[in-house]
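I opened this notebook to record what I looked up in the structure, one topic at a time. Each entry begins with what I wished to know.

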Amino acid sequence: AEAAELRARLRAVRHTVLVLSGKGGVGKSTFSALLAHGLAADETKQVALLDIDICGPSIPKMMGLEGEQVHQSGSGWSPVYVEENLGVMSVGFLLSSLDDAVIWRGPKKNGLIKQFLRDVDWGEVDYLIVDTPPGTSDEHLSIVQYLSATHIDGAVIVTTPQEVSLQDVRKEINFCRKVKLPIIGVVENMSGFVCPKCKNESQIFPPTTGGAEKMCQNLSVSLLGKVPLDPQIGKSCDRGQSFLAEAPESPATLSYRNIIQRIQEYCEQHHLQEEKIM
Amino acid sequence: TERANLAGVQHILLVLSGKGGVGKSTLSTELALALRNAGKRVGILDVDLCGPSIPRMLRVQDSAVHQCDSGWVPVFVGQDKAIALMSIGFLLERPDDAVVWRGPKKNALIKQFVTDVAWGDLDFLIVDTPPGTSDEHISTVEALRPYQLLGAVLVTTPQ
């Protein structure tokens, strides 16, 4: 009966993309926020962004929604809207103080994730993006389990170039394979820094073992793109603004846009294949 | 013996952060090396079950561990092989295997890690943690509370 409830709620969601990483601090939430903004630039598309990082919810701040409250209506919890076609839900909205720590064990976290999926009234959604915490734990197992009521188009896995990140990301790729979650591809963040003055490129996080490119080759997954470091990215995130809108000329923006387009194409193609099968 | 394994440790230091990727493991490693350089007896306990970074940082990612009568024998690292290290990384058959465990199983392992490693006499035991405030953190603090818990160092980046 629970599965039926979830299925009903998620029936109007056309595409679901999970943003994962084995490693923390590589830019999952940043990427999720920009993916949402990027997809919502098409005003005919309805985009939903779900933040299930219960211990460290970054999405409210990145979307400029800190301090917002969640309202309940007859049809469920209402997401917080950034734009008319871009709704957001995060545990961050449920905390009474911004510095409150959510110190919960697994089962309680799972309960909240289920509630998000069951009780949030997303309405008709073209893209549901799910931002996750780092690791391969309760949250990840639960979201894959609960979303099996609908279908997940796939996962985008985020990394940075250094081996210390890649070794965690390989585990994440194996997790996806273990739970039969398709991998749309890998994004390599913080991939080089171009000085705005002298235009010299530096490798802040040198790819000592070949970076994401080599890893993707070895594991037969798609490399969706590499995004260079741009200090404006962090600033935009801190201020809750879309980096894509604030720095349209940045090489990082170009990279992000290309990656977003590839994800869109993957989802559309996936959908066509599904329709053929049906 | 449960009491004994941590009885010889003078100071236990936790390295924490809410945020991932800020440099906890890096700092834990550098702190251990610096303390060792200053002549202290040092151990590192890596309780990041999903992303154990310490073994690679100390170039022992291919090490195996074994047990003695009093518990797990740590791997000795550093230039003079005098820093004692225990990490879940050592227990994985294949390094790319994901540890896909829910809370209760993680808690059981952490408790075992904390009480079943034969550390011997140490001046400092540095405990490296994963990001967040969840099962691993609750279990680690609970398991360490009866011992000489000095305190926590919190790591962040500027943004």
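Predicted model: local features only at pLDDT ≥ 70, side-chain atom pairs only at ≥ 80, totals over all residues.

**Entry 1: overall form of chain A.** I looked up the secondary structure and recorded 10 helices and 12 strands in chain A. Along the principal axes, the C-alpha atoms of chain A fill a box of roughly 60 × 40 × 40 Å. I also examined contacts in chain A between residues at least 6 apart in sequence: 77% of these join residues at least 24 apart.

**Entry 2: an annotated span.** The UniProt record, an unreviewed entry, places the annotation "domain: AAA+ ATPase" on residues 14-185 of chain A. I found that this span is 33% helix and 25% strand, and that its end C-alpha atoms lie 19 Å apart.

**Entry 3: the sheet of chain A.** In which order do the 8 strands of the open sheet in chain A stand? I read the order as S5-S6-S2-S7-S1-S8-S9-S12, with mixed pairing. At the edges I found strand S5 (80-83) and strand S12 (223-226) of chain A, each of which pairs on one side only. On average, neighbouring strands of this sheet are turned by 20° against each other, direction ignored. Within the sheet, strand S2 (residues 47-51) and strand S6 (residues 86-90) of chain A run parallel and are joined by 5 bridges; A:Leu49 has A:Val88 in S6(A) as its bridge partner. I then saw that helix H6 (residues 163-178) of chain A packs on the sheet and touches strands S1, S8 and S9 of chain A. The direction of H6 makes about 170° with that of S8(A).

**Entry 4: the sheet of chain B.** Here I recorded an open sheet of 6 strands with mixed pairing, in the order S5-S6-S2-S7-S1-S8 (chain B). Strands S5 (75-77) and S8 (149-154) of chain B each have a single partner strand, so one side of each is left without a neighbour in the sheet. Strand S1 (residues 9-16) of chain B runs parallel to S8(B), with 5 bridges between them; B:Ile12 is partnered by B:Leu149.

Methods:
Residues numbered from 1 in each chain as written. Chains lettered and ligands numbered in written order. Heavy atoms only, no water. Pairing = 2+ DSSP bridges. Helix = DSSP H or I, 4+ residues; strand = E, 2+ residues; numbered from the N terminus. Contact = heavy atoms within 4.5 Å. UniProt positions renumbered as here; feature names shortened; annotations may be inferred. Axes fitted to C-alpha atoms, helices over the stretch in contact; angles between N-to-C directions.
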